[in-house]
Amino acid sequence: MEQSVNTAGTTGESAPYQRLRELGIVLPTPPKPVANFVTSVREGGFLYLAGQGPLEPSGIEHSGKVGAGVSIEEAYGHARITGINMLAVIHEALGSLDKVRRIVKLLGMVNADPTFDSHPKVIDGCSDLFVAVFGEEVGRHARSAVGMGSLPGQITVEIEAVIAVRD
């Protein structure tokens with residue numbers, strides 16, 4: 001189920017929502033936690049996002065080993081989908097993407113074949129999205145992109161984030 005989030009092109013539309021509309025992105029309903037945790041925690045001036053995966057609004061969750069059956073290009077798209085889910089979580093947690101002061105840090109995990117070595121190219125799917133939505137100053141972030149032997153449900157990518165928030 002998708003929810004429309006201020007994408008009608010109204011006057012006064014903020015930059016992140018305008019950019020989402022221009023990119024043709026409608027924020028989905030944020031994915032629910034799959035175990036005993038919450039999707040985000042606000043502490044002081046920061047919002048911490050739990051790991052999200054490549055879950056489509058249709059319910060399809062992308063799985064497989066990157067470098068062994070899943071291409072870099074496919075996994076880049078999965079990281080972008082994950083980023084869209086993260087934006088939905090941020091919107092739900094803060095009430096507006098306008099409250100994002102800075103994307104501080106991403107940790108991108110790739111379910112990779114042991115010989116795969118292009119993890120940064122995969123996680124760029126999320127990083128490129130955040131820069132496109134928030135602009136260079138707010139969206140560019142510190143990041144780690146690492147390979148894992150497996151991820152929950154064998155999903156291709158999982159990404160978590162630290163977001164600086166304005167009140």
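Is Glu56 buried, exposed or partly exposed? In this predicted model, where local features need a pLDDT of at least 70, side-chain atom pairs count only at pLDDT 80 or more, and totals for chains, interfaces and linings use all residues, Glu56 is partly exposed, with a relative accessible area of 24%; buried means under 20%, exposed over 50%, and partly exposed in between, for a 1.4 Å probe and protein chains only. Residues are numbered from 1 along each chain as its sequence is written, and side-chain values use heavy atoms, with hydrogens and water left out.

The pLDDT, the predictor's confidence in each residue from 0 to 100, averages 93 over the chain, and 93% of the residues score at least 70. Over residues 1-11, however, the pLDDT is below 50, and this stretch has 27 contacts in the model beyond near neighbours in sequence, a contact being heavy atoms within 4.5 Å.

Glu56 belongs to the loop between strand S2 (46-52) and strand S3 (65-66); helices (H or I, at least four residues) and strands (E, at least two) are DSSP runs numbered from the N terminus. Apart from neighbours within four places in sequence, Glu56 is in contact with His62 and Ile81. The side chains of Glu56 and His62 are joined by a polar contact of 2.9 Å, that is, a pair of N or O atoms within 3.5 Å, of which, within protein, one must be able to donate a hydrogen and the other to accept it, while residues adjacent in sequence count only if both atoms are side-chain atoms.

In helix H1 (residues 15-23), Pro16, Tyr17 and Leu20 are buried. They cover an arc of only 95 degrees around the axis, which puts them on the same side of H1, the arc being that of the directions from the helix axis to the C-beta atoms. The buried residues of H1 pack against helix H2 (72-94) and helix H3 (119-139), and just after H1, Gly24 takes a positive phi of about 75 degrees.

The sheet itself is open and of mixed pairing, with five strands in the order S1-S2-S7-S5-S6; two strands pair if DSSP finds at least two bridges between them. Strand S1 (40-43) and strand S6 (142-148) stand at the edges, each with a single partner strand, so one side of each is left without a neighbour in the sheet. S1 pairs with S2 in the antiparallel sense over four bridges, and Arg42 stands opposite Leu47 in S2.
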